[in-house]
Amino acid sequence: MAVYTEVSDAALADFLSAYAIGSLLSFKGIAEGVENSNFFLHTTQGSYILTLYEKRVREQDLPFFIGLMEHLSARGLACPQPVRDRAGQALGQLCGRPAAIVSFLEGVSVKTPGVEHCRALGRALAELHAAGRDFPMVRENNLSVSAWRPLFAQAEDQADSVEPGLAARTRSDLAVLEAHWPRNLPSGVIHADLFTDNVFFIGDALSGLIDFYFACTDAFAYDLAVCLNAWCFEADGTFHRDMAAGLIAGYEAVRPLESAEVAALPILCRGAALRFMLTRLVDWLNVPPGALVKPKDPREFDRRLTFHRQARDAWDYGRPR
Ligand SMILES: Nc1ncnc2c1ncn2[C@@H]1O[C@H](COP(=O)(O)OP(=O)(O)OP(=O)(O)O)[C@@H](O)[C@H]1O
Ligand SMILES: N[C@@H](CCO)C(=O)O
């Protein structure tokens with residue numbers, strides 16, 4: 001359970017007194033997630049999510065995330081809407097952490113997505129890219145290719161204790177990716193972490209996207225590569241080409257890929273898999289003492305990398321030639 005910071009009743013009451021969202025009916029920690037501390041907040045006016053920003057979220061980036069959610073909500077994208085306090089502030093401090101309240105989205109995430117879920121995801125991803133086009137703020141992707149070697153340095157000595165051969169495989173992936181990482185692809189606001197737990201459905205219809213705390217300015221096709229990794233593989237590394245085809249077709253129904261993006265897809269997928277393998281590896285080896293959190297398994301992405309290393313072109317990912 002991702003609750004790194006406990007919030008006392010008194011601290012919560014003091015924090016909420018700045019907001020005009022009614023009086024508190026219930027408050028409880030949320031079991032899912034690994035990054036921030038999240039709580040359900042139920043008041044006489046409705047349901048909200050309270051987030052205390054932890055470890056990997058830099059305080060100077062919070063105006064980007066909050067501004068982006070406001071921008072996307074204003075353009076009709078179903079995402080959390082930040083709630084401003086009586087003084088017009090969307091960001092406050094609670095228990096020594098930066099904190100914000102956002103609207104609660106209805107829906108549930110799917111644990112085992114099918115082709116139609118992937119098609120709906122593709123459409124929503126392209127709509128997000130379109131809605132973000134006139135967002136004026138910029139945030140560099142601080143978990144892109146130049147960050148991977150320093151991340152690996154934190155875990156290299158112990159990598160083989162997690163999976164034999166992992167250190168050597170990672171060294172060779174890093175060399176290839178650093179030499180061939182594509183530049184100058186069409187770019188803009190990307191979500192960068194659109195895993196199944198961050199996409200809600202009501203029945204078969206996609207109802208909302210959450211967790212914009214890795215959002216940044218980067219290649220649109222990299223976001224697609226993140227989704228291909230997150231949605232179209234089993235934990236054991238089995239790839240579902242039909243789901244990948246649905247995801248790409250859904251995306252291209254809204255925003256057709258340019259030829260440079262199509263050509264870059266295999267290396268973008270390989271890089272995205274390495275990014276999640278590395279952050280998981282570092283977290284796996286460094287669980288904070290006392291934190292109520294279950295770290296995610298880096299080996300799932302080591303297995304995906306086996307697929308990406310042998311992929312030749314976008315056709316291998318289900319895109320028609
Ligand atoms: N706006 C929202 N509406 C409804 N539920 C939400 C909302 N925001 C968060 N949640 C719930 O809280 C959980 C954790 O939120 P979130 O994914 O943002 O946390 P995180 O720690 O950043 O997680 P991750 O590991 O995905 O980065 C979600 O799985 C969902 O159940
Ligand atoms: N979605 C990430 C965790 C948050 O970055 C993962 O599955 O590793």
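This is a predicted model: local features need pLDDT of at least 70, side-chain atom pairs count only at pLDDT 80 or more; totals for chains, interfaces and linings use all residues.
Which ligand has an oxygen atom 3.0 Å from a polar side-chain atom of asparagine 38? The oxygen atom belongs to ligand 1.

## Surroundings of ligand 1

Ligand 1 is surrounded by 20 residues, the closest of which are Val34, Glu35, Ser103, Leu105 and Asp211. Sorted by class, this shell comprises 9 nonpolar, 5 polar and 6 charged residues.

Polar atoms of the protein approach ligand 1 from both backbone and side chains. From the backbone, a polar atom of asparagine 36 is 3.0 Å from an oxygen atom of the ligand. From the side chains, asparagine 38 places a polar atom 3.0 Å from a ligand oxygen, and aspartate 211 has an N or O atom 2.8 Å from an oxygen atom of ligand 1. On its own, ligand 1 has 620 Å² of accessible area, and the protein covers 93% of it.

## Surroundings of ligand 2

The residues around ligand 2 are Glu35, Asp193, Phe195, Phe214, Arg275, Phe276, Arg280 and Lys296. By class, 3 of these residues are nonpolar and 5 are charged, while no polar residue is present in the shell.

For aspartate 193, a polar side-chain atom lies 2.7 Å from a nitrogen atom of the ligand. Taken alone, ligand 2 exposes 260 Å², of which the protein buries 95%.

## Helix 4 and its partners

Two packed helices are described by the angle between their axes and the distance between those axes. Helix 4 spans residues 145-153 and packs with helix 6, residues 166-180, at an angle of about 160°. The axes of this pair are 10 Å apart. Because angles over 145 degrees count as roughly antiparallel, helix 4 and helix 6 are described in that way. Their crossing is left-handed.

Helix 4 also packs with helix 9, which covers residues 259-285, at an angle of about 30° and with an axis separation of 10 Å. Helix 4 is therefore roughly parallel to helix 9. The crossing of helix 4 with helix 9 is left-handed.

## Helix 3 and helix 7

A further packed pair consists of helix 3, residues 115-131, and helix 7, residues 220-231. The angle between them is about 155°, and their axes lie 11 Å apart. This angle makes helix 3 roughly antiparallel to helix 7. The crossing of helix 3 and helix 7 is right-handed.

How values were computed: Residues are numbered from 1 along each chain as its sequence is written. Chains are lettered from A and ligands numbered from 1 in the order in which they are written. Side-chain values use heavy atoms; hydrogens and water are left out. A residue is near a molecule or strand if one of its heavy atoms lies within 4 Å of it. A polar contact is a pair of N or O atoms within 3.5 Å; within protein, one must be able to donate a hydrogen and the other to accept it, and residues adjacent in sequence count only if both atoms are side-chain atoms. Accessible areas come from the Shrake-Rupley method with a 1.4 Å probe; for residues, only the protein chains shown count as cover. Ala, Val, Leu, Ile, Met, Phe, Trp, Tyr, Cys and Pro count as nonpolar, Asp, Glu, Lys and Arg as charged, and the others, Gly among them, as polar. Axes are lines fitted to C-alpha atoms, for helices over the stretch in contact, and angles run from 0 to 180 degrees between N-to-C directions. Helices (H or I, at least four residues) and strands (E, at least two) are DSSP runs, numbered from the N terminus. Angles under 35 degrees count as roughly parallel, over 145 as roughly antiparallel, 65 to 115 as roughly perpendicular and the rest as oblique. A crossing is left-handed if the near helix is turned anticlockwise from the far one by less than a right angle, and right-handed if clockwise.
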